[in-house]
Amino acid sequence: MKLNYKSFSTVAALMIAGANANAGMIMDWYAGGTAGFGSMVTFTENNKNHHTSDHSAQSYGAVFGVDLPVVRFEAEYDYLTSDRIDMQTLMGNAYVKLPGLVVVNPYIGVGVGIMFDANADNYPVKLDAAIAYQGMLGATLNIPALPFKVDVEGRVLYTPDIYSKNDIEIDGMQYDARIKLRYVF
């Protein structure tokens, strides 16, 4: 009788421990920070060949999201700065995970949101809300036995009508190499 009780207890303990270990495989909530560098290109809508470029563009941000088995969704805030333009964005991103290794998992993603509070050429421009689009391609590095994941990605952010100068609408494109550190709850 004692053997059955010990066997039952052991099986129950393993099931409970196994359930906790597998909970993260279904859905992981995370929060994190980003940092990137790249180039900001501005151009007019009518003449795409006329553009200016800043090669010292930087970005800093914060993310909060959910990681599912095949896809990942996140809300993202970014502060983008270059020699000519400073702006903030609030984006909703969706990622599709591609087949990969256990430690390295490639992904592709898109985002849509708003760009606000832009300053251009030291001339403040207050925009209520301008739409912004972005595309991402990267890889997630899973750190075994730690609750952290590191994303390394390339990103392109397109923001139409960043500001108006002499009644000409200026569009922007930011090319970014970015690193993201995510803490998984």
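Strand E3 and strand E4 (residues 85-97) are paired antiparallel through 11 bridges; strands are DSSP runs of E with at least two residues, numbered from the N terminus, and two strands pair if DSSP finds at least two bridges between them. Tyr79 has Gln88 in E4 as its bridge partner. Three residues lie between E3 and E4, which form a hairpin.

The model is predicted: local features need pLDDT of at least 70 and side-chain atom pairs count only at pLDDT 80 or more, while totals for chains, interfaces and linings use all residues. Residues are numbered from 1 along each chain as its sequence is written, and side-chain values use heavy atoms, with hydrogens and water left out.

Strand E1 (residues 28-44) is antiparallel to E9, with 15 bridges joining E1 to E9. Because 12 of its 17 residues are buried, E1 is largely enclosed by the rest of the structure; buried means under 20% relative accessible area with a 1.4 Å probe, protein chains only.

Strands E3 (71-81), E8 (148-165) and E9 (168-184) each supply at least two lining residues, and E9 gives the largest share, three residues. Among the lining residues are Asp78, Gln134, Arg155 and Asp176.

Conventions:
On a 1 Å grid over the protein atoms alone, a cavity is a set of points where a 1.4 Å probe fits but cannot get out, and a pocket is an open set with protein on both sides within 12 Å along at least five of seven lines; lining residues have an atom within 4 Å of a point. Helices (H or I, at least four residues) and strands (E, at least two) are DSSP runs, numbered from the N terminus. Buried means under 20% relative accessible area, exposed over 50%, partly exposed in between (1.4 Å probe, protein chains only).
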